[in-house]
Amino acid sequence: MISNMFRSSKQDFTFGPWKVTAAKNHIMKSKDIERLADEMNMPSLPEMMFGDNVLRIQHSDGYGIEFNATDALRRVNNMEDVVKVACAQEWQESRADSEHSKEVVRPYDWTYTTDYRGTLIGEGMQIQVSKTSERIDIEKLKAREQIMFFDDVLLFEDELHDHGVSMISVKIRVMPTSFFLLLRFFLRVDGVLIRINDTRLYHEARNSYMLREFSTRESKIEELKKGHRADSQRGREF
């Protein structure tokens, strides 16, 4: 079975009052995926759904932020097919026989595009979110600094019935003075478009706050063939 390719693991790392936890497990079982699809009112979920995978950053006082597949999918449009291409109908029809699908496959975002930015955690006390003009200093991230901890956690992935790929993963690196996290949703619909939604999280040990930034980029394949690029000007961060 495909799940045998993935080994369960859990890593913890302490950075001052923060504990970073990266947990990886097997792909969810079919019956659990069907139950979750019904709960989310979606005809189908990604082929490779890692429901127990999580990357969590938690303060010693209990509050923090985590990144998991289920909450990422809750941000998917379950009412509208937002990418209307020739392969969309073929893809949906290929899933119409699944036990949790209805007699008529409803329109929904079959690309699983999500603008998920993390889940705040904590009982009684949570991270307070506020707007700021301060930006993450990418030049600091380019500096050569010892990496004390690194992990990369896949949350879900789907090959869109061999018409591309939709996936979301989160990676983190911890340096002596800071940590940096990148949550990336990546979509490629063959012959149609490429879309990237990024959430960046940065914290310096000397500060009492984190910086979180969200960006979205999209390019049509035809534009890319003409030389227009979808990648950011921010440079390599990992």
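**Reading strands, burial and salt bridges**

Author: Strand β4 (residues 54–59) pairs with strand β5 (residues 64–68) in the antiparallel sense, over five bridges. Two strands count as paired if DSSP finds at least two bridges between them. The strands themselves are DSSP runs (E, at least two residues), numbered from the N terminus. This is a predicted model, in which local features need pLDDT of at least 70 and side-chain atom pairs count only at pLDDT 80 or more, while totals for chains, interfaces and linings use all residues. Residues are numbered from 1 along each chain as its sequence is written, and side-chain values use heavy atoms, with hydrogens and water left out.

Reader: Which residue stands opposite glutamine 58 in β5?

Author: Strands of a sheet pair through backbone hydrogen bonds, either parallel or antiparallel. Here, glycine 64 is the residue opposite glutamine 58.

Reader: What is the strand order in the open sheet of five strands?

Author: The order is β1-β2-β4-β5-β6, and the pairing is antiparallel. At the edges stand β1 (9–15) and β6 (119–121), each with a single partner strand, so one side of each has no neighbour in the sheet. From one strand to the next, the twist averages 20 degrees; axes are lines fitted to C-alpha atoms, for helices over the stretch in contact, and angles run from 0 to 180 degrees between N-to-C directions.

Reader: What is the order in the open sheet of six strands?

Author: That sheet runs β3-β7-β8-β9-β10-β11, with antiparallel pairing. Its edge strands, β3 (48–49) and β11 (210–220), each pair on one side only. Within it, β9 (residues 178–189) and β10 pair in the antiparallel sense over twelve bridges. Arginine 188 stands opposite isoleucine 194 in β10.

Reader: Is arginine 195 buried or exposed?

Author: Relative accessible area decides this: buried means under 20%, exposed over 50%, and partly exposed in between (1.4 Å probe, protein chains only). Arginine 195, in strand β10 (residues 193–204), counts as buried because its relative accessibility is 11%.

Reader: Which side chains does the side chain of arginine 195 make polar contacts with?

Author: A polar contact is a pair of N or O atoms within 3.5 Å; within protein, one must be able to donate a hydrogen and the other to accept it, and residues adjacent in sequence count only if both atoms are side-chain atoms. The side chain of arginine 195 has such a contact with that of threonine 113, at 2.7 Å, and with that of glutamate 218, at 2.7 Å.

Reader: How many salt bridges are there?

Author: A salt bridge is a side-chain nitrogen of Lys or Arg within 4 Å of a carboxyl oxygen of Asp or Glu. By this rule the count is 17. One of them joins lysine 24 and aspartate 151, with the closest N and O atoms 2.8 Å apart. Lysine 24 is in strand β2 (residues 18–24) and aspartate 151 in strand β7 (residues 149–158), so the pair ties together parts 127 residues apart in sequence. Lysine 24 is partly exposed at 25% relative accessibility, whereas aspartate 151 is buried at 5%.

Reader: Which side chain of opposite charge is nearest to glutamate 157?

Author: For charge, Lys and Arg count as positive and Asp and Glu as negative; His and the chain ends are not counted. Glutamate 157, in strand β7, is buried yet has no salt bridge, and the nearest opposite charge is arginine 188, 8.3 Å away. Arginine 188 itself forms a salt bridge with aspartate 190 (2.8 Å, N to O).

Definitions and conventions
Helix = DSSP H or I, 4+ residues; strand = E, 2+ residues; numbered from the N terminus.
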